[in-house]
Amino acid sequence: MCLASNLVKEAAAHADSAAAADKALREIDHEKTTFTRREIESQRHDLVIIEDRVYDADRFQWAHPGGSLFVAMFGGRDGTLAFQSYHMRNFPHEKLRPYLRGRLAPGETITRFDQDHLELSKKLGGAAPYFAPRHQQYKAAFIWVLAFALEAYALTVKRSWALATVLGFLYAMIGLNIQHDANHGAMFKDGLKNMAWGLSQQWIGGSQVMWLQEHVVLHHMHTGDVHMDPDAQMAPAMRGYSGSMYLPWMVLQHYYFLLLELGYWVVPNIGHFFEVLAWSHKFEYPLSRLAMPCWRTQSTLLHLLYYVRHIILPSLVAIRAATPDEVFSAVGRELAVSLWMSTVGGFYLAFFFFLSHNFDGVHFTEGANAGGDCLYEADSGFLKQQAASSSNVGGEKLCVLNGGLNYQIEHHLFPRIAHSHYPHISKKVRPFVTAKGGQYIHFDTVWDNLSSVHKYLKRFSDPLFNPVVKGPARPTPEEMGG
Ligand SMILES: [Zn+2]
C-alpha cells in the first residue's frame, strides 16, 4: 500500500515536471533556435532533421503510427528522404509544429524532397493502398509455420543434413518474404503488427535493430553512396568502384565472388550480435542513442536464444545420446549441421542481394555526409539515384519466391509498399523513370543478371579501370542559408 502510494506520488511529480517541461518548451520561440548538423549528429540524438527544420524525435516517436523504433533509429540524423520514400508525400510541417525544436543553422546543407519522386508517388496514389494483401499474409504464415514445425521436429526427433538444407532455405524465405516487409513497415498498417512480425529477423539469427540500422537507415537512404552504403563497401575482399582500395587477389574477384557468399551468414549471425553490444554498425557508424535503452537488450537476449536453439540444445541432445567416447564427434556433427543450415540460408540471401546492386552499369555516387544529409549530382535526385543503383530481374514468379526483391528498383523507391504489388506498379514506374531520363535496368533471367555481375567485377579487377564517381552539386553559401 505504502509502495503504491509512493509510486502514485512519484508519477504525479513526474507528470508535474513533464507538464512544466512541456509548458517551458511551448514558450520557447523554436523558429529562432538553430542547430548545426554536427551538434545534432554528435550530441542530440533526441532530435531529427526534416528539410531545414529540427524536430523532437524523443517525443514524436511515441506518437508515430508506424512504431517508435523507426523514428528512434533516425535520432541524430536527417530523416527527410526516409519520410519521403516511406510516406510518399510532403512532410506535414504544420501538423507536427508541436514537435518543432528549431531550424538548421545558416550555412548548413539542406536535404530537399525530390519532386520527381513526389510526382511518381502521386501517380501511384500514395502509400495507403499498398499493404500486404491477404494472399501475401497467408504465404508468410505458411512459411513461418513450416519452418517452426521442422525446427521442432529436428530438435525433438532427428536432425539431418537434408533437414538442415530445407531449414536454411526456409530461413532465407523468412528473411525475404516476412521480416523484410515487416521491418520496412510494409506488411500491415499497424506498426505494432509489423514490429511483431519483424522479430522473425531475430528468429533466423539476425538482429532486428541492427538490420534497421544497416538496411533501412544506411543502405536504403544512401544506395550506391560510396561512403554511406554498407553494401557498396566490399574491400578488402573485392573492389567495385574507383577510389576503393586495390589488393592483388582482386584480379580474380569475378571468379571467387560466389565463394565469398558462402560465408555471408557470419554477418547477421555473429557480426550483428557484437555490433549490437558495441551499439555501432561495423564498429564504425554509431547507432542512434535514442533507440539504445530497450532495443539493445531485446536484440541481445533474442540473439542468445538463437545460439541456444542452434548450438546449446543440439549439443546437449547429442551428449545425452552419445557414449563417452563419441561425445566430441557427436557434438562436432551437430555444430557442423547448424553451420550448414546457416551457410545455405546465408548464400541464398547473399546471392540475390549481390545481383541487385552490383551489375554492369550500376551508378555510384558520393552524396551524403555522416549525419545523413543527402545531395545528388546536378542532373540527379533521389528517384534517379535509387533507380540507377539497383536492377530488376525476372518476373512475377520470382517475386512470389523472393519476396519481391527481384523488383529492386520499385522496392528502393517505395520500401513501404508490400512486395506483392511490385509487378503491378513496375508498369508505371519504368516508363516514368525513363521519361525523366533515369536509368532502369531489368534483366529477363537470373543468368543474364549473373553475367552482368561477372562483367562488372571483371572490369574492376583491372587496377587501371577507374571511372569517376560523381559528387553532389553542393549549393552556394547563399543558397544554403535559405
Ligand atoms: Zn529493403
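Modeller: Strands (E, at least two residues) and helices (H or I, at least four) are DSSP runs numbered from the N terminus, and two strands pair if DSSP finds at least two bridges between them. This is a predicted model: local features need pLDDT of at least 70, side-chain atom pairs count only at 80 or more, and totals for chains, interfaces and linings use all residues. Residues are numbered from 1 along each chain as its sequence is written, and side-chain values use heavy atoms, without hydrogens or water.

Colleague: Which residue in the turn of the E2 and E3 hairpin has a positive phi?

Modeller: Strand E2 (residues 47-50) and strand E3 (residues 53-56) pair antiparallel over four bridges. Two residues sit between them in the hairpin. With a phi of about 50°, the residue is Glu51.

Colleague: How are the donor residues of the zinc ion spaced in sequence?

Modeller: The ion is coordinated through NE2 of His180, His184, His215, His220 and His411, at 2.1 to 2.3 Å. Donors are N, O and S atoms within 2.8 Å (3.2 Å for Na, K and Ca). Both His180 and His184 are buried. The spacing is H-x3-H-x30-H-x4-H-x190-H.

Colleague: At roughly what angle do the axes of H7 and H8 cross?

Modeller: H7 spans residues 134-156 and H8 residues 161-183. Their axes, lines fitted to C-alpha atoms over the stretch in contact (heavy atoms within 4.5 Å), come within 9 Å. That contact includes Trp144 of H7 and Tyr171 of H8. Between N-to-C directions, on a scale from 0 to 180 degrees, the crossing is roughly 145°.

Conventions
Buried < 20%, exposed > 50% of the residue type's maximum accessible area, 1.4 Å probe, protein only.
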